Amino acid sequence: MRNISIKKFKEALDNKNGELSSLAKSGKKIIGYFCTYTPIEIIHAAGFMPVRVTGDAETLSKVDAHVPNFICPYLRRAFESGLNGQYEYLSGIIQGYTCDVACGLIDMWKENIGGELFHTVPLPYNDNADSRKYLSTAFEELDLKLQNVGGQQIYSNIESSVALYESIRALMMGLYEKRYKGTLPLSGSEFHTVIQTGFTLSPEEYLKMLKKLNADIEEADTKSNTHTPVLISGSIIEEPIYLDIIEASGGRIVGDDLCTGLRHFIQTDTVGHDPMERIIDRHFSRLPCPARSRAVERAHLLMGLTRQSGAKGLIFLFQKFCTPHLADYPVIKDMLDQQGLQSIMLEMDETGAMEGQLQTRLEGFFEVMGKI
Amino acid sequence: MEKTAKSKKRLSTAKELNNIVAQFYLEGNDAKEKGVPVGWMPPMNGAIEIFYAMGLQPVFPENWSPVCAAFGLTPNNFEIAENMGFSRDLCGYLRNITGYIYGDMNGEHVPLGGLPEPDIILSAGGGCIPAMKILHTLERRFPDANIFSADLPQVPVTEIQQYHIDYAVKEMHRLIDFLCQVTGKTMDYDRLAEVVRISDKACELWDKIMSYRKYVPTPFSAAEIGIMFVMVTRQGTRIAVDFLEKVLDEVKERAKNGIGVIEDEKIRLFWDNIPLWYNMGIFNYFEKMGGVVVAETYSAAWSMRLDVDDPIKALALKSLWSYPMVSCVSIEKRKEMVLKACKEFKIDGAIFHSNKSCVPITMGQSDIRRALEKELGIPSVVIDADHMDDRNFSIAQFQTRVDAFMEMLLDSSHP
Ligand code: SF4
Ligand code: SF4
């Protein structure tokens, strides 16, 4: 039996700030993004490197003078990191309009931290011929903005950029399939580390690492685990400790509906004559975020995902104050209850101090599930 | 001072407003009885003019919330919503309306007959997440209603391009087609042009009324801001224009004769963010120390003109401007507006309501505060509160902060 090591991923993650700083110094422009609805293929095709802004700051002090304490801990931490100078390597931030906090923060980032390009892509909600044309124009606008800060015209590279990200997504979806079948020999937090690394490495580099990981996994034995299979739903999870607690309390994470997870990597059978059309098609066919859909629609999708992954229940793991998720939760919970699907909702606040309490609640949850 | 209190009003036209409010809600219930299609929708977009032009009845759940707050229904509505699992951290408008529609919606204790049930539910796309989720929640409660999801682009007002306008114009047409289809009515475009003209007239009057607040002493304060009810619910009707004309006459008269809100106006204040609907009386609180709230950010949502020669485009642009102008979509623009207003209205100090119930308007306040201080030397104070939920408002903290702030302003105004 071969042991799977994710050491390389962990190292890459730990060294990301140093690596990205030297990359920026060497002249490569790095563009940050908060949300998975950012068209990273377009940023990449312009010759820039898209990197997800993470909330690394452990203690928060500067941020209180800027944003209220009732916005999600993720963006409070990310902004603190920015104010601390961690993101000096970023040339700007691009996002798709999803939640209100991210929308406000992009302006505040420009004002207080600075950079040369800040832009929110005004994403359409409806899928029809007009909205597709509109989104295509919105992407052209983005292309022009990228060119204004030295980007190449995307059209010569977009085909290969899209292909690159599609390859990554295909490999990730392969890992998800294994996870559904119970043959992925990675713990929740190990898999999470693999995912987080993808947000900070160049896609070329990341693809290589994923290929190697995939080959290793093919040869590895499956770890047998009798814990209760669960699906996690929420937005951003950054600290793997939460996943460890779930698994230590009796759960086995078999699937997710997360920005830092399936929703980022999901690959749909996109159609279109050219790569831009495929990006647009994916926008409309992906598993939606609650900021872009109705709770009822998501409840059905989550039930499907539960079946597909073999989960017996759901854990809603939310960033505290995350409006899109909190607004959908009661409806989804109600619909799950009607189907007899067990679920529990946990909020991650910025102290992270609720670990003990979290474990107790989870143990209770798994105990009840064990009896069903 | 009470935690929940009504404001003291000085404009005699403000008294007439009570009738206008009652009339609007009675009209809604009346329309329902007569079979006029009722549509529930978010405020601050062009759908209202389209509804009035087609003879349909609009209802604004967000506007019903201040009514609930004024009549004390809010705590019960919150309890119902929270028992359903809606977090206390969600916008109070969302929790209030959810509790209301799932509670005893038209029960005997509900004032003004309550809201008529919707035949049509319209969400805007543009605007904040809670505003969209409010309408989604309604859809589940009223499954027989016809649903229209508009798709208005969320763009900073400074970055609006032709393609955003074109798309918003298409959405206006799509809405009209939908309404014709589900109601069997037709759109008379001459009538629409007339409605837009009336709507534009209301905007013009609105700006004129607001401009009289530049007078020292100011003829009226934020305590009277309830007059914006007609901008939220009656834009495009003569009711709004007739009322605003009266308000303008009164305000002009007071300004010319130097009649202020209080005898001796010492400090002119600016208010940022939504008022505390359950305690409009706090706008009067400053008065005992000679302070008057002369201007506020919120009123800017209707400070625009509509191109009457191109009604559909005018409504599309209104839909693109109105919400972003006061929210986090355009923090830079908001800052520019606040600074300009503070200069023009001769503001001595600003009050920033850090609003637990409204993230979009609270985001960016710190940058605006800093710019006010740095560029204009205008100091400000932050009040932690909530526009709907009085559990997030401490009157003691409010008084302590405001008293200290006012003392500081008074000291510096008399060197
Ligand atoms: S966690 Fe929620 S509130 Fe925070 S950025 Fe994501 S969607 Fe927005
Ligand atoms: S703008 Fe603010 S108050 Fe209005 S619905 Fe959105 S969050 Fe609530």
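Colleague: Why does B:L112 count as partly exposed?

Modeller: B:L112 has 21% relative accessibility. Buried means under 20% relative accessible area, exposed means over 50%, and partly exposed is what lies in between, with a 1.4 Å probe and protein chains only. So 21% puts B:L112 in the partly exposed class. As for the ground rules, this is a predicted model: local features need pLDDT of at least 70, side-chain atom pairs count only at pLDDT 80 or more, and totals for chains, interfaces and linings use all residues. Residues are numbered from 1 along each chain as its sequence is written, chains are lettered from A and ligands numbered from 1 in the order in which they are written, and side-chain values use heavy atoms, with hydrogens and water left out.

Colleague: What is the phi of B:L112, and where does B:L112 sit?

Modeller: Phi is near 55°, a positive value in a residue other than glycine. B:L112 is in the loop between α5 (92-102) and β3 (120-123) of chain B. Most residues other than glycine have a negative phi, and most peptide bonds are trans.

Colleague: What makes A:F321 a positive-phi residue, and why does A:F321 count as buried?

Modeller: Its phi is about 70°, and A:F321 is not a glycine. A:F321 has 15% relative accessibility, so it counts as buried. It belongs to the loop between β7 (313-319) and α14 (323-338) of chain A.

Colleague: Which peptide bond is cis?

Modeller: The bond joining B:V216 and B:P217, with omega about -5°. B:P217 lies in the loop between α8 and α9 of chain B.

Colleague: What makes B:Y25 and B:F229 a tilted pair?

Modeller: Rings of Phe, Tyr and Trp (its six-membered ring) pair if their centres lie within 6.5 Å; planes under 30 degrees apart count as stacked, over 60 as edge-to-face and the rest as tilted. Over all chains, the structure holds 31 aromatic pairs. For B:Y25 and B:F229 the centres are 6.2 Å apart and the planes make 55°, hence tilted. B:Y25 is in helix α1 (residues 12-34) of chain B and B:F229 in helix α9 (residues 229-233) of chain B, so the pair ties together parts 204 residues apart in sequence.

Colleague: Why is the pair of B:W206 and B:W302 called edge-to-face?

Modeller: The planes stand at 75° and the centres are 6.0 Å apart, so the pair is edge-to-face. B:W206 is in helix α8 (residues 189-211) of chain B, and B:W302 is in the loop between β6 (291-296) and α12 (311-326) of chain B, 96 residues apart. B:W206 is buried at 0%, and B:W302 at 3%.

Colleague: How do you know that a charge sits over the ring of B:F78?

Modeller: The test needs NZ of Lys or CZ of Arg within 6 Å of the ring centre and within 35 degrees of the ring normal. B:R95 passes, with its charged end 4.4 Å from the centre of that ring. In chain A, the charged end of A:R52 sits over the ring of A:F199, 4.9 Å from its centre.

Colleague: Why are α4(A) and α5(A) called roughly parallel?

Modeller: Axes are lines fitted to C-alpha atoms, for helices over the stretch in contact, and angles run from 0 to 180 degrees between N-to-C directions. Under 35 degrees is roughly parallel, over 145 roughly antiparallel, 65 to 115 roughly perpendicular, and the rest oblique. Helix α4 (residues 73-83) and helix α5 (residues 100-112) of chain A have axes that cross at roughly 10° and come within 11 Å. They are therefore roughly parallel. Meeting residues include A:L75 and A:F79 in α4(A), and A:L105 and A:W109 in α5(A).

Colleague: What makes a set of residues a nonpolar core?

Modeller: Its members are buried Ala, Val, Leu, Ile, Met, Phe, Trp, Tyr and Cys residues joined through side-chain atoms within 4.5 Å. The largest core has 261 residues, and A:F34, A:M172, A:L210 and B:I50 touch the most other members. Helix α7 (residues 158-181) of chain A gives the most to this core, eleven residues. A second, separate core of 19 residues includes A:V230 and A:F366.

Colleague: Why does A:T193 count as buried, and which residues is A:T193 in contact with?

Modeller: A:T193 has 9% relative accessibility, so it counts as buried. Contact means heavy atoms within 4.5 Å. Leaving aside neighbours within four places in sequence, A:T193 is in contact with A:I6, A:F9, A:K10 and A:L13.

How values were computed: Helices (H or I, at least four residues) and strands (E, at least two) are DSSP runs, numbered from the N terminus.
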